[in-house]
Amino acid sequence: MNSLEKQKPETELSQEMITFTEGEKHVIPGMAELIRSSAAEGCVLLKNDDVLPLSNDLNVAVFGRCQKNTFFVGYGSGGDVHPPYRVTYADGLKECSEITLNEELFELYRSWCEKNPPVISTLWGQWPMCYQEMPLNDEIVERAAKQSDVAMVIIGRAAGEERENVLSQGSFYLTETEEQMLAMVTEAFKKTIVVMNCGNIIDMSWTKKYHVQAILYAWLGGMEAGNALADVLCGRVNPCGKLSDTIAATYEDYPSAVNFGGPEYNFYAEDIFVGYRYFETFAKDKVLFPFGFGLSYTSFQIKCEGFSVKQSMSAEYPEEAALEVSVTNIGACDGKETVQLYLAAPQGKLKKAAKSLVAFAKTKLLMPGETQKIHLSVPIEDMVSYDDTGKTGYQFAYVLEEGKYEFFLGNSVENAAKAAGFMQKTTAVVQQLEPVCSIQEEFERFTVSETGEVGCSIGRETVPVNSRSLRERILNRLPEEIKVTGNQGYLFSDVIDGKVSMDSFVAQLNDEELEALTRGEGGMNSSLGTEGNTGVFGGVIPSLREKGVPPMVTADGPAGLRVKRYTSLIPCGTTLSCTWNTELVEKLFEKMGEETKLHKIDVILSPGLNIHRNPLCGRNFEYYSEDPYLSGKTAAAAVRGIQSQGVSACPKHFAGNNQEDKRNQTDDRVSERALREIYLKGFEICVKEGKPQNLMTSYNKVNGVWSHYNYDLVTTVLRGEWGYEGNVMTDWWMRLSASPEFPLLKDNAYRVRAQVDVLMPGNIGHKEREYQSDGSLLATLSKEDGMTRGELQRTAKNVLRFVKWRFKD
Ligand code: BGC
C-alpha cells in the first residue's frame, strides 16, 4: 500500500463546532467601540438617491427577517466565536433615536421570527446560507406603505469553511420570496433602501430590475453589527467604506468563472487579470460597481499637488515615486475619504493590467471646507512585473520595462484621473530570482492581444513549463548539523536571558525531542491550554517541558478567539478591508491581542488573507480582497496589532485556498507570474511589514504539490526571498504523501524537509487525540537521501525562535 492509499477519508480532516460552556461575559474596555466603528466604516454605500441619511421625522418600514436574525459572521473556524452579546439590526435600529420605525411591521417580523426560528445545523459544513423569508402579502405591504415614508429591505447570506456559495437561489442568487419582497415593496413605496447583510458578494443584477433608491453593503459586522448599521443609516457615521472587490454584472463575467470549483484542479487561466485588473483591462462594461467604490453623504475634491521620482543608486530605475495629494471636503457634512493611487505600467513585452493599486490612504474626519495633505509613496517593488517567460530578456526576474509609467489618482479604480508619470528609458532588472513552483502541464493563460481606443482584447499564450531540478536545489542547501552534545543542563530560560545560544540549547536535544518539536501534541482542545483551543505545540512532551520549553497554545481565528469562553466577535475580514483604514484595523487587532493574552492563548490563527479569486469561495468573508496590495496592507496591520501585545498572529492560508469545495484535494495550476504578483504578493507584504512569528500553510496543492510539502513556497520564497524567520505550521492535519524528489521521505519527513515545521494539531487524521509518533520523520534519519539531523535542528530553531520571542519580556 503506498502512502496515498493509506490516506484517511477526507471528511475526517474536518473539525467540529465548539459547544459552548458558561463563563464570564466580560468585554475588555475599548473593544466594543472599535468593533462598532470598524463595522460602520466597512459599510459600503453603493447608491443613494437622496434618501439617506435617515432623519427621525421619516417613518421607516423594515422588511426582511435578517433584521431579527442578523448574520454576524460566516461559518467555520473563522466564525465559531461565542460573543457575550450580539446587537441585531433590529436592536440597533430600535435603539437609535434618529430613526423612527414602523412599529407594527417591526412587531409582525418579531413575532413571525419567534414562531419560525431559523433552522441552524450545528453539524460542520451543514449551515444555512440564508433563512426562509417571511412571505408578504399585498395587505401587509400596502398598509406599511400608508404608515411609512421609506422602506428598508434586508437581504442576508452567509457561507463559510467547507460551505461554498453555490449558483443557486438562496446562495449567489435571490430566492423567489426575496424577489417578491423586492417587487412588492418597490412597487408600493416611493423610496426603498436595500441593506446587504452578506459575507460574500452575491448577484446584484436585480439592482437594474427594481427601482431602489439606496443600497448599502453592510457585510457581517460582528457583535456590534446593529449599532454600526444604525450609525451609518442615520448619519452619525458618514459612510466611508469602499469595495474591496469588483461587483460584476453577472457571475459569468468574472474571469475565473469557467475555472473554479474543480475537484482535482483549476487552471488559473485569467493569470494576473484577477478582479479589477481584468475588468479595467478588458471588460469595463461588465462592471456594476467598481473596485474601490463607495459613496459618502458629502463629497471630496482630490488633487495632486506634487510628484517626485527618486532614482536608485544605480540610476537604472527609480527607487520610489511619490505624490503629494490634497483632499478637501467640498460637501456639507463631516466625512472621511480614501485616496487611491493606481499605476498603469506600459504594455511592453510583458502585458500588464490597465491599472494596479499601488498606494492608498484614508483621511481623518474632515469638516466641510477642511483640507488634508497626504503623502503617497510607491516603492519600486510595487511597479515591477515578473517575467516567467524570458520575453524581456531577463527570465525569472522582476523587471521594470521601458516605457511610460502613469499614475491615476482618485476614489475608485474607475474614478481615477491621470495625475503624474515618468518615462523609463530601458528595461531594468530590479530583482533576479529563481524559478519556483513550476507547472507540470502546459495551459493557456490570458494576455493582452491588442490595445485600442476602447480598451484591450484578450489574447492567449502558453504558460511556460520549466525543468529546474528541485532535488538539486534542496541538496545544495541542506543545513549544517549542530554537533549533538547531549543534555548539558541548559534551560530554555538561559536562551531567553541570553546566557546560552540557541544552537547550544538545540545541540542538547535528542531525536525524540527534535521530533516532538515538529508536531503538535495530538488533537484539538489540548488539556495543556485554555478549553476550546485548537491544539498546542512546542513543549508537548515532558522532557521538553523539563528543559523549560512550554507548550504554545493556539486558537482560531480571524473574527475573534474561538475558545470555550465568551470572547469578542469582530467584523469579518471583508468588512475590515472595506474600511481601507489600516490604522483602525491595527487598533482593533491590538485589542484582539489583549484578549488573546487574557485567555492565555499564545498564537491566534489570524488573519486570513487569501485572494478573492471568485465570489463563490465560502471563506471570502474571512479574507480581504481581490487585490493583493489591499490584502497585504490590511493583514500587516492586523499582525502588528496582535503582536504588539506579545502574542503571535498566524497569517493563513499560504497559499491558494481559493475554494472550499475539495479544498484538500484540489490543485491550483497557476503561472509563476500570477503566483508571485497576485497570490503570494499579499503574504509578502504581510510578512515584510507585519513580521508575523507564525504562519499557516493551506490545504490545497500549488502546481501539483500540497502547500504543506511545498519546499519552494516555504523555503525558497517565504524564508529565502522574504527573510521570514518564524515558525510555519500546517493547516489542521495533512494529506499523506511521499516526496517525488526523495521517494524515501514520506509524510512528516517530506514536510520537514520543506521547512513546514509543525504538523497541527499533531496527529494526521482527525480521530487520534494523543501524541504518538507515526515514525515517518525519523525512519530515514541519516540514511542516504534521508532526513538529516541538521534539518530537524533547523526546524527546532524555527519553532524555538518564536517561543523565545513570546517570552522575551
Ligand atoms: C482551518 C484553519 C483553522 C484550523 C483550526 C482548519 O480547518 O482551515 O483556518 O485555523 O482549522 O481550527
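This is a predicted model: local features need pLDDT of at least 70, side-chain atom pairs count only at pLDDT 80 or more; totals for chains, interfaces and linings use all residues.

Reader: OK, and which polar side-chain atom lies 2.7 Å from an oxygen atom of the ligand?
Author: That one belongs to His653. Arg619 also has a side-chain N or O atom 2.8 Å from a ligand oxygen. For Tyr699, a polar side-chain atom sits 3.1 Å from an oxygen of the ligand.

Reader: How much of the ligand does the protein bury?
Author: The protein buries 100% of it, out of the 310 Å² that the ligand exposes when taken alone.

Reader: How many salt bridges does the count come to?
Author: The count is 59 salt bridges. One of them joins the side chains of Arg277 and Asp627, at 2.8 Å from N to O.

Reader: Why does that pair tie together parts so far apart in sequence?
Author: Arg277 is in helix α7 (residues 276–282), while Asp627 is in the loop between β24 (603–605) and α15 (628–643), so the bridge connects parts 350 residues apart in sequence.

Reader: Are those two buried or exposed?
Author: Both Arg277 and Asp627 are buried.

Reader: And which residue does Asp382 form a salt bridge with?
Author: Its partner is Lys681, with the closest N and O atoms 3.2 Å apart. Asp382 lies in the loop between β14 (371–379) and β15 (385–387), and Lys681 in helix α17 (residues 681–690), so this pair ties together parts 299 residues apart in sequence. Asp382 and Lys681 are buried.

Reader: What about Glu531 and Lys564, how do their side chains meet?
Author: They form a salt bridge at 3.7 Å, N to O. Glu531 comes from the loop between α11 (511–516) and β22 (535–538) and Lys564 from the loop between β23 (551–556) and α13 (573–577), so the parts tied together here are 33 residues apart in sequence.

Reader: Is Glu531 buried, exposed or partly exposed?
Author: Glu531 is partly exposed, at 43% relative accessible area, whereas Lys564 counts as buried because its relative accessibility is 17%, under the 20% cut-off.

Reader: Switching topic: where is the place of Asp57?
Author: Asp57 is in the loop between β1 (44–48) and β2 (59–63). With a relative accessible area of 63%, Asp57 is exposed. Its side chain makes a polar contact of 2.4 Å with that of Ser55. Asp57 is also 8.5 Å from Glu98, C-alpha to C-alpha, though the two are 41 residues apart in sequence.

Reader: Last bit, the whole chain. How many helices and strands are there?
Author: The chain has 20 helices and 29 strands, and 65% of its 809 residues count as buried.

How values were computed:
Residues are numbered from 1 along each chain as its sequence is written. Side-chain values use heavy atoms; hydrogens and water are left out. A salt bridge is a side-chain nitrogen of Lys or Arg within 4 Å of a carboxyl oxygen of Asp or Glu. Helices (H or I, at least four residues) and strands (E, at least two) are DSSP runs, numbered from the N terminus. Buried means under 20% relative accessible area, exposed over 50%, partly exposed in between (1.4 Å probe, protein chains only). A polar contact is a pair of N or O atoms within 3.5 Å; within protein, one must be able to donate a hydrogen and the other to accept it, and residues adjacent in sequence count only if both atoms are side-chain atoms. Accessible areas come from the Shrake-Rupley method with a 1.4 Å probe; for residues, only the protein chains shown count as cover.
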